[in-house]
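This report is meant to be read beside the sequence and the coordinates. Please keep both in view while going through the sections.

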Amino acid sequence: MKFELKPVAGKSILFVMAAEAEYGPFLRSRFEPLMTGVGPVEAAIAMTKTLSRLDQADDLPQLVVSLGSAGSATLEQTEVYQVSSVSYRDMDASPLGFEKGSTPFLDLPAVIDLPLRIPGIPEASLSTGGNVISGPAYKNIAADMVDMETFAILRACQGYSLPLIGLRGISDGVEELQHISGWTEYLHVIDRKLSYAVDSLFTALEDGVFWF
């Protein structure tokens, strides 16, 4: 897997994305990400493998940024939001008495906060899972937006005590998806707006807003 650890203000950043379709010319001019593939399983495998190799080389990043598209039935389409919290919608052990979304025997809440904030970027909660959410399925999602990778990336980061920032541009959700084009139609706009969010992150780091 080819990627770079982006140096900014004395910090090294690992950018993580799922699919080449989301990685347009604006983002390409700013960093080279780790591409995990789509879904929580692929993201978990790629992240764990990569962080293990970097740890062995004593070259772990100081910050991980997960970014790409997301769906939402309520947020403004093509706008970018930073992830305030993330949950895992696939996990449901409630028949055994566990809270829905909580992994049994794991000391973590169903909804995990991401504490770092980039100034000036609106916040939204995120639900990660292995299914594409569309149409009436949004009624079963408590979070503001949905993706398929961020929770898995967070869990890998937690294994190495690495902070995570999530950035997502809303690609779809207002209308029920009928074809892959319903997802890709606005990815070029999201690419541009995500690049501006990345610029804001770089500025925040250079200004000393983050301490980690």
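The text below goes from the basis of the model to single residues, then to helices, an annotated span and a cavity.

The model is predicted, so local features need a pLDDT of at least 70 and side-chain atom pairs count only at pLDDT 80 or more, whereas totals for chains, interfaces and linings use all residues. Residues are numbered from 1 along each chain as its sequence is written, and side-chain values use heavy atoms, with hydrogens and water left out.

**Residues in the strands and a loop**

Helices (H or I, at least four residues) and strands (E, at least two) are DSSP runs, numbered from the N terminus. Buried means under 20% relative accessible area, exposed over 50%, and partly exposed in between, with a 1.4 Å probe and protein chains only.

| Residue | Relative accessibility | Class |
|---|---|---|
| D147 | 4% | buried |
| T128 | 0% | buried |
| S85 | 8% | buried |
| T103 | 25% | partly exposed |

D147 lies in strand 8 (residues 145–147), while T128 belongs to strand 7 (residues 123–128). Contact here means heavy atoms within 4.5 Å. Leaving out residues up to four places away in sequence, D147 touches S69, R89, L126, S127, T128, G129 and R168. With the same exclusion, the residues touched by T128 include D147, Y88, R89, T150 and F151.

A polar atom of the D147 side chain lies 3.5 Å from the backbone nitrogen of E149, and a polar atom of the T128 side chain lies 3.5 Å from the backbone nitrogen of T150.

S85 is located in strand 5 (residues 80–88). T103, by contrast, sits in the loop between strand 5 and strand 6 (111–113), and its C-alpha is separated by 7.8 Å from that of D92, 11 residues away along the chain.

**Helices and the annotated span**

Helix 3 (residues 150–158) is largely enclosed by the rest of the structure, because seven of its nine residues are buried. These buried residues are T150, F151, A152, I153, L154, A156 and C157. Helix 5 (residues 187–206) has 20 residues and reaches 28 Å from its first C-alpha to its last, close to the 28 Å expected at 1.5 Å a residue. Just after helix 5, G208 adopts a positive phi of about 75°.

An unreviewed UniProt entry lists residues 137–174 as "domain: Nucleoside phosphorylase". The end C-alpha atoms of residues 137–174 lie 12 Å apart, and the span is 24% helix and 32% strand.

**The cavity**

How many cavities of 30 Å³ or more does a search of the whole structure find? The search finds one, a cavity being a set of points on a 1 Å grid over the protein atoms alone where a 1.4 Å probe fits but cannot get out, with lining residues having an atom within 4 Å of a point. The largest cavity holds about 50 Å³ of space, and its lining includes Y88, T103, I112 and F151.

Notes
UniProt positions renumbered as here; feature names shortened; annotations may be inferred. Expected span 1.5 Å × (residues − 1). Polar contact = N/O pair within 3.5 Å; in protein donor to acceptor, adjacent residues only side chain to side chain. 1 Å grid on protein atoms, 1.4 Å probe; cavity = no way out; pocket = protein on both sides within 12 Å on 5 of 7 lines; lining within 4 Å. Points joined across faces, edges and corners; volume = space filled by probe spheres on them.
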